[in-house]
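Please keep the model open while reading.

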Amino acid sequence: MTDSAAPRTVAFLGLGVMGFPMAGHLAKAGHAVTVYNRTTAKAEAWAARHGGKHAGTPAEAAQGADVVFMCVGNDDDVRQVAGDALRGMKPGAILADHTTASAEVAREMAAKAAERGIAFLDAPVSGGQAGAENGVLTVMVGGDPAAFATAEPLMRAYGRSVVLMGDSGAGQLTKMVNQICIAGLVQALAEGMSFAQKAGLDAHKVVDVISKGAAQSWQMENRAKTMLDDKFDFGFAVDWMRKDLSICLNEARRNGATLPVTALVDQFYADVQKLGGGRWDTSSLMKRLGR
Ligand code: NAP
């Protein structure tokens, strides 16, 4: 098992809302970080802030790295970026993917990596932009236990909880459960808030009272009042949620799980997109209910 304090040579590919601060935490923890971002200006800004190096391609960034981290958009992006990174990586290295993607692509990348003697970990995160910036993400990992033992101390730079869930794909499957649980919950919260307003109650006061009882949830604590105030710019976007729910619904078709509420809420998010809310946060389900 690797000493958590031991500095390693690492790369980080994809400096978006999540990747930029995650790579920053690795640099602050003392690791030698080389970054890559498709839009070069972000990589330059990262290197200027954190003093690391930046490279022009994933393969170039990955050269010589013990562990390569990535966080991009969807399955196709993973195939593209991981495919290129693997060409630059040395045998015995580890590729850890923090993108929320399908379990299928995780298994596909793990097989491709294995052909080159490289371990692939699917490692989606939850905790949002604030979790990434504050280094308190939850990281759900699938893959080889020995590779996990090496990568886990590094992931602790930005993860408060970093857990191996099983074989390749198990991290992504766990993240799917997370998204399924959130979808129905946010819709119920939106319905409750809309009802409170239509009933003529002081809805803020309602939240204060019921959030101390059995209806309490993270979403209620953090999003109910912003919903009531018509504020929807708190992180995780509707476009991303639809991508995630589509992954969940596809997986359910394969494993036989029935997800009627998830399927319905997915359609409600499609309504929000039609309202122009693709970049609003997921609590914007309230928008389709009216006041
Ligand atoms: P984002 O801000 O849109 O960043 C996406 C990053 O991926 C950018 O650096 C983008 O490069 C890069 N990228 C995308 N496609 C690429 C491709 N084909 N080739 C090379 N680079 C590519 O997204 P994010 O919010 O950081 O989310 C990243 C992942 O984390 C997603 O899978 C998302 O579902 C998941 N996630 C997000 C949150 C959240 O709250 N934001 C929470 C949990 C999980 P450019 O800069 O050139 O566009």
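What percentage of the 291 residues of the chain count as buried? The share is 50%, where buried means under 20% relative accessible area, exposed means over 50% and partly exposed lies in between, with a 1.4 Å probe and protein chains only. This is a predicted model, in which local features need pLDDT of at least 70 and side-chain atom pairs count only at pLDDT 80 or more, while totals for chains, interfaces and linings use all residues. Residues are numbered from 1 along each chain as its sequence is written, and side-chain values use heavy atoms, with hydrogens and water left out.

**The whole chain**

Twelve helices and nine strands make up the secondary structure of the chain; these are DSSP runs numbered from the N terminus, helices being H or I of at least four residues and strands E of at least two. With a radius of gyration of 20 Å, close to the 19 Å that the globule rule gives for 291 residues, the chain is as compact as a globular protein of that length; the radius is taken over C-alpha atoms, and the rule is 2.2 Å times the number of residues to the power 0.38. The C-alpha atoms fill a box of roughly 65 × 45 × 35 Å along the principal axes. Of the contacts with a separation of 6 or more, 66% join residues 24 or more positions apart, a contact being heavy atoms within 4.5 Å.

**Helix α2**

Helix α2, residues 40-50, has Ala43, Trp46 and Ala47 as its buried residues. Because they cover an arc of only 95° around the axis, they lie on the same side of α2; the arc is that of the directions from the helix axis to the C-beta atoms. In general, an α-helix has 3.6 residues a turn, so residues three or four places apart point the same way. The face turned away from the buried side carries the exposed residues Ala41, Ala48 and Arg49. The elements against which the buried residues of α2 pack are tabulated here.

| Partner of α2 | Residues |
|---|---|
| α1 | residues 19-28 |
| β2 | residues 32-36 |
| β3 | residues 53-54 |

Just after α2, Gly51 takes a positive phi of about 75°.

**Thr9**

Strand β1, residues 9-13, contains Thr9, which is partly exposed at a relative accessible area of 35%. Apart from neighbours within four places in sequence, Thr9 is in contact with Ala32, Gly64, Ala65, Asp66 and Val67. Thr9 and Asn222, 213 residues apart in sequence, are separated by 38 Å from C-alpha to C-alpha.
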